[in-house]
Amino acid sequence: MVLKECVRGLKELRPLTHLLLPLCFHWIAEAMTVSVLVDVVTSALCPGQTTCTEAIYISGLQQTVVGIFKMVVLPLLGQLADEYGRKPLLLITVSTSIFPFAVLAWNQSRESVYVYYVLRTISFIISQGSIFCIAVAYAADIIEEGNRAAAFSWITGFFSASHVLGNLLARFLPEKYIFVVSIVLLIFGPVYMHFFLAETVEWVPKMDRDSTFLTKITNVAHKRYESMRDAAAIVFKSPTLRGISFVLFFYELGMSGISSVLLFYLKAVFGFNKNQYSEILSMVGIGAIFSQILVLPLLNPLVGEGWILSLALLASIAYGLLYGLAWASWVPYLSASFGAIYILVKPATYAVISKGSSSMNQGKTQGFVAGVKSIASLLSPLGMSPLTSWFLSSAAPFDCKGFSIIVASVSMMIALCFACLLKPDEKLSHDPEDEIEAPLLRES
């Protein structure tokens, strides 16, 4: 039975080969830099120290700035992917990571780290979240609705497998080669897409040659405003899409807060370095591959996306609480094991959103809901960065170095409450008059 489901899942993914292959190389390249970045940044900004308050605050500031711009950029990129095609948007988003890592490959001084943060912030604004949204929309173009949950799970499973490979490379490659190898892989992705990825959206250009430059700018701005307003109407008129937006907001508020400070917290409390980070991230990735490629495709037909989402959120709460209360260096490894379950939040929510939106507006709805998530990702570091620094310092009001992570877990408890109220199988009526999200690319 399991083997049969795996074979069926692979058959479903065959049309996605030229999408997943370059994305896997891209994800490997990004993952292999994660474990070494903490050491590089800490060494450059706080030489000889294990705790670097400056690095924690800069990372928090970066996440806040990214969150502010992503509120607009993510829905916008989703709309553009519906109008002008998935391929050009994917080429743009996967190319942005090359430049910040090129800076660190060239030099790792304090000044270079600052330049890296600026370029990486721009890269995150354009690519963080949008790559997945556009890839999911691409998959929805060619995968039948009944098979999308399994297909999305396989996509996120390949994402986890890429992270495992990236962490293994980081574990065994000498540090001086990590950024060089990463850049080579990052360049491979867009080059491969350019030559082999087929477009799934037909773009019909508007005939407006006689318009003045100012008129064109005004029309573009008006069209973007109308498209954004329509996307908001689609989401908030649908109980399912509205509910999943609340779930993802509170989930992202907690999880992004934990992610922004976790590695610095582990370095300060337990003295973790590149090797321990790679081991923990590999544990999460290996478990995530199994759960996304085998468990979700088997469970989804039996229990549905709603039940899987609730289970994954429960695991994320346990993940956060164990990190926050960690009393020994082995506890983070135990906490990381819950990553095999909480990772199912992604494919489950993609499936819920895909079912709740029309076939011609997958990019628009995925992008808008991702924009709601970005609001949470900009808010969380505002509280997490100072709270983490405070409880890691000698001025903490009581001895609980992971208190900020415990607070973030409360937000995920709220997300679980909203998830329990969801009815993912509830369908929107697609009356022609209500099809306000009719694609703009059809305009003549």
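Keep in mind that the model is predicted. Aromatic pairs number 19 here, and two of them are worth a stop.

Trp327 is exposed, at a relative accessible area of 59%, while Trp330 counts as partly exposed at 48%.

Now select Phe391 and Phe398. The ring centres are 5.1 Å apart and the planes meet at 65 degrees; over 60 degrees counts as edge-to-face, so this pair is edge-to-face. Phe391 is buried, with a relative accessible area of 2%, whereas Phe398 is partly exposed at 42%.

Phe159 shows a ring with a charged neighbour. Lys346 lies over the face of Phe159, at 4.5 Å from the ring centre.

Move to the surface and select Ile68, Phe69, Met71, Val72, Ile375, Leu379 and Leu382. Together they form a nonpolar patch with about 580 Å² of accessible area. Helices α3 (53–84) and α16 (362–392) each give two or more residues to the patch. The largest share, four residues, comes from α3. Leu382 lies in α16 and is exposed, with a relative accessible area of 52%.

Finish at Asp39, in helix α2 (residues 17–45). Is Asp39 buried or exposed? Its relative accessibility is 14%, under the 20% limit, so Asp39 counts as buried. Show Lys267 as well: the side chains of Asp39 and Lys267 make a polar contact at 3.1 Å.

Notes:
Residues numbered from 1 in each chain as written. Predicted model: local features only at pLDDT ≥ 70, side-chain atom pairs only at ≥ 80, totals over all residues. Heavy atoms only, no water. Buried < 20%, exposed > 50% of the residue type's maximum accessible area, 1.4 Å probe, protein only. Polar contact = N/O pair within 3.5 Å; in protein donor to acceptor, adjacent residues only side chain to side chain. Patch = residues over 30% accessible without salt bridge, like charges linked within 9 Å, V, L, I, M, F, W, Y side chains within 5 Å. Areas by Shrake-Rupley, 256 points an atom, 1.4 Å probe, with all protein chains shown as cover. Salt bridge = Lys/Arg side-chain N within 4 Å of Asp/Glu carboxyl O. Phe/Tyr/Trp six-rings, centres within 6.5 Å; stacked < 30°, edge-to-face > 60°. Lys NZ or Arg CZ within 6 Å of the ring centre and 35° of its normal.
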